[in-house]
Amino acid sequence: MANLTESYNESFLPLIQKYYSLEAIAREPWDQNAILFIPTNQQILMENGGAETFATVIYLSVLNLNFEIKRVKNVNEMSPSGRGPLLKCGKYSIGEYESIVNFSNLKVFFLISSQCQQKFFKGNRLLGNFLESSKKNEIKTYLLLIQKSYSDTFNYFLWKSDFAQNAIKKSFDCDYPWPLNVILYWNEYLFERKYLQLNNLWDLKRDRIISRFREVNECLNKKLSGNSYLMGKNLTEVDILLYSFMKVLTITPLFAELKASLGDLTNLNFYFNEMDQKMENILQNKLDLS
């Protein structure tokens, strides 16, 4: 991008890149009427407990970007990636946390590269795009690790728990008439079961799932030794995602056993408590978690 003064990480959303140049996207102002579509309260449990919704709301808020939140029952069907949350910003529709982060980074990066915006955005230079290449790659690695570990573990607990199944069935009952509610529930159930089977998770014992989950978090705990954030002193999108998953652990009774398994990981728990003090107000103001 010829007119950007700093190198930009062009890992972006392939679907959008196919039709629009990165610079064209960056030059368009942020749509002040942007809308973030998120699952309904009834459906948010089966969307990783709302972790990616939390992370997206926090990230956009930290960047001081204007957006309205709308809860819809079919956010996954609306999203071009097939998964929510979904950001509608001008003529662009972007689904899922990482893609929304990349899109938002591109917009903000162009703004802070222009002299008139340097002062305004100085406090928000948290983006991974301003780190060296090795750190950018490390962010991608940890995003994948956290997303994979937490999502797979949550899905196992959700789809193999009778309590969770009753809650999920009720969510479909609230949002759809019979027999569509039954059809959509079984469609989702069979899809998730097949995914867990293909990843050799469905037949594992519960204690093995918890053990695997703890192993990943032990790595994160070690990574945080002596660091304020996963990338050292820089708050990045990977911290917001990890915090959001851990927040779900603390507010969802279904995951109490998972939360207890991390009780002795002092670095990780200190990190979460520090992040919670900074981020909880955003969640309360935007989503009303009470």
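Guide: Two strands pair if DSSP finds at least two bridges between them. Helices (H or I, at least four residues) and strands (E, at least two) are DSSP runs, numbered from the N terminus.

Visitor: What makes β3 and β4 a pair?

Guide: Four bridges join β3 to β4, and the definition asks for at least two, so the strands pair. They run antiparallel. Lysine 88 stands opposite serine 93 in β4. In the hairpin of β3 and β4, two residues lie between the strands, and glycine 90 has a positive phi near 65°.

Visitor: What kind of model is this?

Guide: The model is predicted: local features need pLDDT of at least 70, side-chain atom pairs count only at pLDDT 80 or more, and totals for chains, interfaces and linings use all residues. Residues are numbered from 1 along each chain as its sequence is written, and side-chain values use heavy atoms, with hydrogens and water left out.

Visitor: What is the secondary structure of the protein?

Guide: The protein has 12 helices and four strands.

Visitor: Which strands pair with β1?

Guide: β1 pairs with strand β2 (residues 68-72) in the parallel sense, over five bridges. Within that pairing, isoleucine 38 has arginine 71 of β2 as its bridge partner. β1 is also joined to strand β3 (residues 86-89) by three bridges, and these strands run antiparallel. Here isoleucine 35 stands opposite lysine 88 in β3.

Visitor: Why is strand β1 said to be largely enclosed?

Guide: A residue is buried at under 20% relative accessible area, exposed at over 50%, and partly exposed in between (1.4 Å probe, protein chains only). Five of the five residues of β1 (residues 35-39) are buried, so the strand is largely enclosed by the rest of the structure.

Visitor: What do β1, α3 and β2 make?

Guide: They make a right-handed β-α-β unit. Right-handed means that, with the strands pointing away from the viewer, the path from the first strand over the helix to the second runs clockwise.

Visitor: How do you know that the span of helix α3 agrees with what it should be?

Guide: The expected span is 1.5 Å times one less than the number of residues. For the 12 residues of α3 (residues 51-62) this should give 16 Å, and the end C-alpha atoms are 16 Å apart, so the values agree. Helix α10 (residues 237-251) has 15 residues and reaches 21 Å, close to the 21 Å expected.

Visitor: What makes α3 and α10 mostly covered?

Guide: In α3, 12 of its 12 residues are buried, among them Phe54, Ile58 and Tyr59. In α10, 13 of its 15 residues are buried. α3 is followed by asparagine 64, whose phi is positive, near 60°.

Visitor: Why does asparagine 76 count as buried?

Guide: Its relative accessibility is 15%, and the limit for buried is under 20%, so asparagine 76 falls within it. This residue lies in helix α4 (residues 75-78).

Visitor: What does the side chain of asparagine 76 make a polar contact with?

Guide: The partner is the side chain of glutamate 47, at 2.8 Å. A polar contact is a pair of N or O atoms within 3.5 Å; within protein, one must be able to donate a hydrogen and the other to accept it, and residues adjacent in sequence count only if both atoms are side-chain atoms. The distance of 2.8 Å is within 3.5 Å, so the pair meets that limit. Leaving aside neighbours within four places in sequence, asparagine 76 is in contact (heavy atoms within 4.5 Å) with Glu47, Gly82, Arg83 and Gly84.

Visitor: Why is glutamate 96 called partly exposed?

Guide: At 26% relative accessibility, glutamate 96 lies between the 20% and 50% limits, so the term is partly exposed. Its phi is positive, near 80°. Glutamate 96 is found in the loop between β4 (92-95) and α5 (97-113).

Visitor: Is asparagine 48 buried or exposed?

Guide: Asparagine 48 has 9% relative accessibility and therefore counts as buried. Its phi is positive too, near 55°, and its place is in the loop between β1 and α3.
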